[in-house]
Amino acid sequence: MLPNLPRSAWLVFVLIFLCLFTYQCSLNNEFMMDDFAVLFAIPKGFENIPKALDFTDTTMYYRPVSNLMRLFSSTLFPTDPFYFHAFGLILFSIHVALIFCLVRALFKNTYVAFAAAALYAVHPINGVAGN
């Protein structure tokens, strides 16, 4: 017998499974192209969080959340691409679940929210985010 959870909780579990199933083959990918240059541009260590949030850097983009995620990934998993990809996949799955919650709150319709989040989860444009 299944636990007595609200229908929306089950749908979130289905969305997370959908993300994991769709992008699970990316877990075995190695680092490629500019991954090393991008990942290790910010020094490792949690003491470098202020540097990750600093806008006085010479780059032309200010992306503090992206910088923090790269800092956490490179600090926790320095050279292991499996854990880096797993961390990204977990974050993407959480993102899809939050999209479900947002669309459900906006449209007051669970099925519309599930369809929108499922489409977002498997859409090919998110291949980089899921990978």
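This is a predicted model: local features need pLDDT of at least 70, side-chain atom pairs count only at pLDDT 80 or more; totals for chains, interfaces and linings use all residues.
Trainee: What makes α1 roughly parallel to α6?

Mentor: Two packed helices are described by the angle between their axes and the distance between the axes. Helix α1, residues 7-23, packs with helix α6, residues 110-122, at an angle of about 15 degrees, and their axes are 10 Å apart. Angles under 35 degrees count as roughly parallel; therefore α1 is roughly parallel to α6.

Trainee: Which residues of α1 and α6 make the contact?

Mentor: From α1 come R7, L11, V14, L15, L18, C19, T22 and Y23, while α6 contributes T110, Y111, F114, A117, A118, A121 and V122. By class, these residues divide into 12 nonpolar, two polar and one charged. Arg counts as charged, so R7 of α1 belongs to the charged class.

Trainee: Which members of the largest nonpolar core touch the most other members?

Mentor: This core has 18 residues, and L15, C19, F92, V96, F100 and A117 touch the most other members. At least two residues each are supplied by α1, α5 (81-107) and α6. The most is given by α5, with eight residues.

Trainee: How do you know that C19 touches residues beyond its sequence neighbours?

Mentor: Residues up to four places away in sequence are not counted, and C19 still touches L89, F92, S93, V96 and A121. Contact here means heavy atoms within 4.5 Å.

Trainee: Why is K108 called exposed?

Mentor: Exposed means over 50% relative accessible area. The relative accessibility of K108 is 71%, so K108 counts as exposed. K108 lies in the loop between α5 and α6.

Trainee: How many helices and strands does the chain have?

Mentor: There are seven helices and zero strands, in the order α-α-α-α-α-α-α along the sequence.

Trainee: What share of the chain counts as buried?

Mentor: Of its 131 residues, 28% count as buried, the cut-off being under 20% relative accessible area. Among contacts between residues at least 6 apart in sequence, 68% join residues at least 24 apart.

Terms used
Residues are numbered from 1 along each chain as its sequence is written. Side-chain values use heavy atoms; hydrogens and water are left out. Axes are lines fitted to C-alpha atoms, for helices over the stretch in contact, and angles run from 0 to 180 degrees between N-to-C directions. Helices (H or I, at least four residues) and strands (E, at least two) are DSSP runs, numbered from the N terminus. Angles under 35 degrees count as roughly parallel, over 145 as roughly antiparallel, 65 to 115 as roughly perpendicular and the rest as oblique. A nonpolar core is a set of buried Ala, Val, Leu, Ile, Met, Phe, Trp, Tyr and Cys residues joined through side-chain atoms within 4.5 Å. Buried means under 20% relative accessible area, exposed over 50%, partly exposed in between (1.4 Å probe, protein chains only).
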